[in-house]
Amino acid sequence: MQAMVLRRHGGPEVLEREEVDLPDPGPREVQVRVHAVAMNHMDLWVRRGLPHLKLEYPHRLGCDIAGVVEKLGPGARAGKVGERVMVQPAISCGVCQACLSGRDNLCRGYHILGESTQGGYGELINVPDTNLLPIPDGMSFTDAAALPLCTLTAWQMVFRKAKVQPGENVLVHAAGSGVSSIAIQLVKIAGGKVIATTGTDEKAEKAKELGADHVINYSKQDFVAEVKALTNKRGVDVVLDHVGGDVFAKSVYATAWGGRIVTCGATAGPSPQIDLRHVFFRQIEILGSTMGSKGDLLAALPHIQSGAIKPVVDRVMSLWDARQAHELLEGRKAFGKIVLTV
Ligand code: ZN
């Protein structure tokens, strides 16, 4: 099959179109013909190289996949040939205590597709039969591909970690990112009020369309001062952050006494200078979050089907233009997902 592969780490230029061999699906595996694969920041990190990450070359990136079931491996229990499916973005061992407790994202054998195992930057992919989700009728492949990782990540942050309650104020950083564009919608489902931050007026308008009650343009306004003004000096009950760096450090000051900060990323830097006095004295909880359990994506499915969770697609490009797509994502120009069609 044709694929966009890496044979070494580096800039977007290391992405190359190649013919690669894909074996038939193994026991309890399903082969999916990829119609669309959405990009994530993880694609950029893996392409550039991460400590301790050893890839099997040629490596295919891409964990957010939508397509059609092509072939069933021996004993596959899910999927019918021809069925339109989204793919759960990670795999786990399925037999350890974490997996059996519905916390598969804590499995020691947890692998995100396209990170430590082969991903969807190709015409076909083999995945375990436990990784399939139906695409709702009427939803395009490009919209479906935009959903899995962001929805899974945002669901765990909003419902399992922060446990957002009706009426709570929730600060959602970087509204234009994939995770935040879904998190805004989930906070509204939970009955919370969203204060979103973003860097341009154009993105601010889009955040409001998704349901944000207030949007702070951080290129013009100090978000801590704005949050205090919007909450009668109290601060927000919850901060959802994947930016890290100074944004994380300042988020501590924007959080109410007893509030929660959930972090799932550090695109602006992994080592913020935090004033711990504000953390312990004001009893702020800092909660780490990565991905979510497969069950959570199934829990989100009815909301996807009803339209309460809408995919946010910035643009659709061809997989074969992946170099250009990587440059666009690195430039932070997108609102929502960049989706590549195959
Ligand atoms: Zn496991």
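The charged end of Arg84 sits over the ring of Phe141, 5.1 Å from its centre; the criterion is CZ of Arg (or NZ of Lys) within 6 Å of the ring centre and within 35 degrees of the ring normal. Arg17 lies over the face of Trp320, at 3.8 Å from the ring centre. This is a predicted model, in which local features need pLDDT of at least 70 and side-chain atom pairs count only at pLDDT 80 or more, whereas totals for chains, interfaces and linings use all residues. Residues are numbered from 1 along each chain as its sequence is written, and side-chain values use heavy atoms, leaving out hydrogens and water.

- The structure holds 2 aromatic pairs, defined by ring centres within 6.5 Å for Phe, Tyr and Trp (its six-membered ring).
- The rings of Trp155 and Phe159 are tilted, because their centres lie 4.4 Å apart with the planes at 50° (under 30 degrees is stacked, over 60 edge-to-face, the rest tilted).
- Both residues belong to helix H4 (residues 148-161), 4 residues apart, about one turn of the helix; helices are DSSP runs of H or I, at least four residues, numbered from the N terminus.
- Trp155 is buried at 10% relative accessible area, whereas Phe159 is partly exposed at 26% (buried is under 20%, exposed over 50%, partly exposed in between, with a 1.4 Å probe and protein chains only).

**Packing of H4 and H10**

- H4 and helix H10 (residues 294-306) pack at about 100°, with their axes 10 Å apart; axes are lines fitted to C-alpha atoms over the stretch in contact, and angles run from 0 to 180 degrees between N-to-C directions.
- H4 is thus roughly perpendicular to H10 (65 to 115 degrees).
- Trp155 is also among the H4 residues that meet H10, where the partners include Leu297 and His303 (contact means heavy atoms within 4.5 Å).

Note on methods. Helices (H or I, at least four residues) and strands (E, at least two) are DSSP runs, numbered from the N terminus. Angles under 35 degrees count as roughly parallel, over 145 as roughly antiparallel, 65 to 115 as roughly perpendicular and the rest as oblique.
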